[in-house]
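Biologist: I would like to learn how to read packing and backbone features in a model. Can we go through them one by one?

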Amino acid sequence: MKRVLVANRGEIAVRVVRALDELGLESVALYSAADSSAMHVRMATRAAYAGESAPAGGYLDAKAVVERALEYRADAIHPGYGFLSEDPAFARMCGDAGITFIGPGPRALELVSDKWGMKDIAASAGLPVLEGRGPLRSASEASRAASSLGCPVVLKAVRGGG
């Protein structure tokens, strides 16, 4: 591996670029118009323009990210954290293009994308898990579950979305 495209912005991109530099690897910072003078862009070996869209647009267009990696002859893509780092289709797309996805493989990402199913996998492996109810389909179901569990209660989307 010689060159890695960093498909994120802000502090996480700065940390990844620094780590790549310490490893003696070239970095290609992906950036949108809003980030043209951002620290990760200035620190990277090269910079790949992702477009004039809002910052999230250029960073979240999986096809465009892979195209930039190919254009800049990157051997790998580091997705940072967030949407692309959790997307099994993106990890698969990278592999299909001959680019290393720095993160879990597509199958692992598919398994962990279902938080309720992942809880069952963790429990079957002997790991401790918190008591819970779910998936819940309505506010009234959530209210009944909260009453039976007691406080505090945390609600979490089963499949991403915040």
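Biologist: Is the crossing of H4 and H5 right-handed or left-handed?

Modeller: First, a caution: this is a predicted model. The crossing of H4 and H5 is right-handed.

Biologist: What describes two packed helices in general?

Modeller: Two values do: the angle between the axes and the distance between them. Now the case here. Helix H4 covers residues 62-71 and helix H5 covers residues 88-96. Their axes come within 10 Å and cross at roughly 30 degrees. Angles under 35 degrees count as roughly parallel, so H4 is roughly parallel to H5.

Biologist: Which residues of H4 and H5 meet?

Modeller: From H4, take Ala-62, Lys-63, Val-65 and Val-66. They meet Phe-90, Met-93 and Cys-94 of H5. By class, this contact has 6 nonpolar residues, no polar ones and 1 charged residue.

Biologist: At what angle do the axes of H5 and H6 cross?

Modeller: At roughly 175 degrees, with the axes of H5 and helix H6 (residues 106-113) coming within 8 Å. On the H5 side, Pro-88, Ala-91 and Arg-92 make the contact. On the H6 side, Pro-106, Leu-109 and Glu-110 do. The classes are 4 nonpolar, no polar and 2 charged.

Biologist: And how do H6 and H7 lie, roughly parallel or roughly perpendicular?

Modeller: Start with the axes. Those of H6 and helix H7 (residues 115-124) come within 6 Å and cross at roughly 100 degrees. The two helices are therefore roughly perpendicular to each other. Leu-111, Val-112 and Ser-113 of H6 make the contact with Lys-115, Met-118 and Ile-121 of H7. By class, that is 4 nonpolar, 1 polar and 1 charged.

Biologist: Let us turn to rings. What describes a pair of aromatic rings?

Modeller: The distance of the centres and the angle of the planes. This structure holds 2 aromatic pairs. One of them joins Tyr-31 and Tyr-49, at 5.3 Å centre to centre. Their planes are 55 degrees apart, and the pair is tilted.

Biologist: Why does the pair tie together parts that are apart in sequence?

Modeller: Because Tyr-31 lies in strand S2 and Tyr-49 in strand S3 (residues 46-49). These parts are 18 residues apart in sequence.

Biologist: What does the side chain of Glu-26 make a polar contact with?

Modeller: With the side chain of Arg-3, at 2.7 Å. Glu-26 is found in strand S2, residues 26-31. Set aside its neighbours within four places in sequence. Glu-26 is then in contact with Lys-2, Arg-3, Val-4, Leu-20, Thr-45 and Arg-46.

Biologist: Last topic: the backbone. What is the general rule for phi and for peptide bonds?

Modeller: Most residues other than glycine have a negative phi, and most peptide bonds are trans. Look for departures from that. Arg-73 has a positive phi, near 55 degrees, and is a residue other than glycine. Arg-73 sits in the loop between H4 and strand S4 (76-78).

Biologist: Is the peptide bond from Cys-151 to Pro-152 cis or trans?

Modeller: That bond is cis, with omega near 0 degrees. Pro-152 lies in the segment after helix H8 (139-149).

Key. Residues are numbered from 1 along each chain as its sequence is written. This is a predicted model: local features need pLDDT of at least 70, side-chain atom pairs count only at pLDDT 80 or more; totals for chains, interfaces and linings use all residues. Side-chain values use heavy atoms; hydrogens and water are left out. Axes are lines fitted to C-alpha atoms, for helices over the stretch in contact, and angles run from 0 to 180 degrees between N-to-C directions. Helices (H or I, at least four residues) and strands (E, at least two) are DSSP runs, numbered from the N terminus. Angles under 35 degrees count as roughly parallel, over 145 as roughly antiparallel, 65 to 115 as roughly perpendicular and the rest as oblique. A crossing is left-handed if the near helix is turned anticlockwise from the far one by less than a right angle, and right-handed if clockwise. Contact means heavy atoms within 4.5 Å. Ala, Val, Leu, Ile, Met, Phe, Trp, Tyr, Cys and Pro count as nonpolar, Asp, Glu, Lys and Arg as charged, and the others, Gly among them, as polar. A polar contact is a pair of N or O atoms within 3.5 Å; within protein, one must be able to donate a hydrogen and the other to accept it, and residues adjacent in sequence count only if both atoms are side-chain atoms. Rings of Phe, Tyr and Trp (its six-membered ring) pair if their centres lie within 6.5 Å; planes under 30 degrees apart count as stacked, over 60 as edge-to-face and the rest as tilted.
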